[in-house]
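Please look at the sequence and the model below before reading on. The paragraphs after them are meant to be read with the structure open beside the text.

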Amino acid sequence: MAELFVIMVAYQLLANVHCKFTGADLACTTVRSIAGRLLALLTVLGLYLVLVRSAYHALTTAISRAARRPAALLLNVTGLLIALVPLALFGPGGINAWISPTLILICLGGTIAGLGGLLALMPLQTWVAWLRGCGPVLILALLVALVMPDITRMMEPIWNINALTSMTFVLVSWVLESSGATVWSDPTLHLIRVDGFLVEIGEPCSGVEGFALVTTFMGLYALLMGRDIRQGRYWMVLLPAALLLSWAFNVVRIAILILIGAWVAPEHAVNGFHSYAGWLMFTVLALLVLAVAHRSRWLQSNPEALAAVTANLPPMRADMLLASIVPFIVMMLSGVLVSAIWADPAEGYPLRAAMMATVLILFWPALQYLRYRPRPMDIAAGAAIAAVWIMLSVPDITRGASSGDHSAFWIVTRLLGTVILVPIIEELFFRGYLLRRMAGQGQVLRAIFALLVSSALFGLMHDRFALGMAAGAIFGGLYLRGGGLPAAILAHMVANALIAYVALATQNWALI
């Protein structure tokens, strides 16, 4: 999931690919739909493992018994790098002109990465045996997930129902007028204009995908839960309420994007309609509805039995594996979200900080057990990284300086995110999960290889790849030399704190 987000964010934010302007519209939209299918498949798989805990325990047991396969993990990392090669080869601005080789490399790299990831966990025959043990329900659910983009496309004609579009445009106009904008709209042609910014809301951007996602996920939940929920109440009460909520959410989404186009940046608003952000937000909305249903005694046919089963299960918030991965996914998702709302994504950093802080608080039951006594070498390593980073950034200080004044609130959240939140989240993922899993125990060559690979991936997260990779190698070295995850986090915090101090003093926020 994390690797999928890396690829989606890279080609959504850095390259900003618009399929309609590439000359390969069909191929481009097909590859984009593959990302949507994989996201739906992984989400459905996660939903299944949450609801059918016996399958979850069978899977984790099979993985723990399988022999480690460094070659398969190398295949996974190689595939991820191949998928990102076009960004380095053609540059973010040249992707649209070189779309055909880009799509080939993305598909090739994604296939290799996916295959390597599966085989790194356990052999193919073990996967097949586990799927057979789950029965036909999981197979059916995964097949539905793979065709979910096609289901949304089949539901697009709903947008042409006059009553729905007219009411949508009336409510969007009301929201826009409440902000003081001058609004003109034509529901029959799906046109709406605010202060000279005119858009046509097409079927793929209408939010009908929200109806499809909510209905499909609720159908899968009902299939998995069977007689444990009151089907009549579920379909007659919760489904209409969920569809109404999805519709209201889309009204607000359209209004916000139009205001961005009218008052901030037209191209950014258009990109917001065409980004993955809408699909991700509707997916989250559907899962929130299911979370409410799962906790509602009014919808459960036997709430006492379900509560008894749940009471014997370990809380997911205390799962260190999830605590190492989920915050990183949220951090990547927050980048997509602010880029869909703000012309300058940096202005949306308070929202990113809020999302990162929330997910860390959510996993506090797992993180609170990290124990550590600060070591001078960890502090010195962080200070050295900061010194080199600042010195090598001096020639770029005027070119990279941020323009405009920032509020005190923005500065505080920027510092909070840079000094505390980001170091914790990045170290949890790159050292606490990736390096730990790749390095294993007691194998020097494997540990060196794991250090190089995890550091290289860490470097890709930064504008200065070489410096980022070197910093990642130092953090990883501290982790491997006995300091563990807290040592890497402390060194990362020290480095970011010193860099942030210089950024604050010089108002050069591009440093961080």
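This is a predicted model: local features need pLDDT of at least 70, side-chain atom pairs count only at pLDDT 80 or more; totals for chains, interfaces and linings use all residues.

Residues are numbered from 1 along each chain as its sequence is written, and side-chain values use heavy atoms, with hydrogens and water left out.

Begin with strand S1 (residues 183-186), which pairs with S2 in the antiparallel sense over 4 bridges; strands here are DSSP runs (E, at least two residues) and helices are likewise DSSP runs (H or I, at least four), both numbered from the N terminus, and two strands pair if DSSP finds at least two bridges between them. Within this pairing, Trp 184 has Arg 193 in S2 as its bridge partner. S1 and S2 form a hairpin with 4 residues between them, and in the turn His 190 has a positive phi of about 60 degrees.

Strand S2 (residues 191-194) is in turn joined to S3 by 4 bridges, and these two strands run antiparallel. Leu 191 stands opposite Glu 200 in S3, and Val 194 has Phe 197 of S3 as its bridge partner. The hairpin of S2 and S3 has 2 residues between the strands, and Asp 195 takes a positive phi near 50 degrees there. In a regular strand the side chains alternate between the two faces of the sheet. In strand S3 (residues 197-200), Phe 197 and Val 199 make up the covered face, whereas Leu 198 and Glu 200 make up the uncovered one.

Turning to charged side chains, the structure holds 4 salt bridges, each defined as a side-chain nitrogen of Lys or Arg within 4 Å of a carboxyl oxygen of Asp or Glu. Side chains of opposite charge can pair when their charged atoms come close. In one of these salt bridges, the side chains of Asp 150 and Arg 37 meet at 2.6 Å, N to O. This pair links distant parts of the chain, with Asp 150 in helix H8 (residues 148-154) and Arg 37 in helix H2 (residues 25-51), 113 residues apart. Asp 150 is partly exposed at 24% relative accessibility, whereas Arg 37 is buried at 18%; buried means under 20% relative accessible area, exposed means over 50%, and partly exposed lies in between (1.4 Å probe, protein chains only). Arg 37 and Asp 150 also belong, together with Arg 153, to a network of salt bridges.

How far apart are the closest N and O atoms in the salt bridge of Glu 427 with Arg 431? They are 2.7 Å apart. Because Glu 427 and Arg 431 are 4 residues apart in helix H19 (residues 408-439), about one helical turn separates them. Glu 427 is buried at 0% relative accessibility, and Arg 431 is buried with a relative accessible area of 0%. In another salt bridge, the side chains of Asp 378 and Arg 375 meet at 2.9 Å, N to O; here Asp 378 is buried at 0%, while Arg 375 is partly exposed at 21%.

Finally, Ile 139, Leu 143, Leu 146 and Val 147 make a nonpolar surface patch of about 300 Å². Ile 139 lies in helix H7 (residues 136-146) and is partly exposed, with a relative accessible area of 36%. Patches are made of residues with over 30% relative accessible area and no salt bridge, with like charges joined within 9 Å and nonpolar side chains (Val, Leu, Ile, Met, Phe, Trp, Tyr) within 5 Å. Accessible areas come from the Shrake-Rupley method with a 1.4 Å probe, and for residues only the protein chains shown count as cover.
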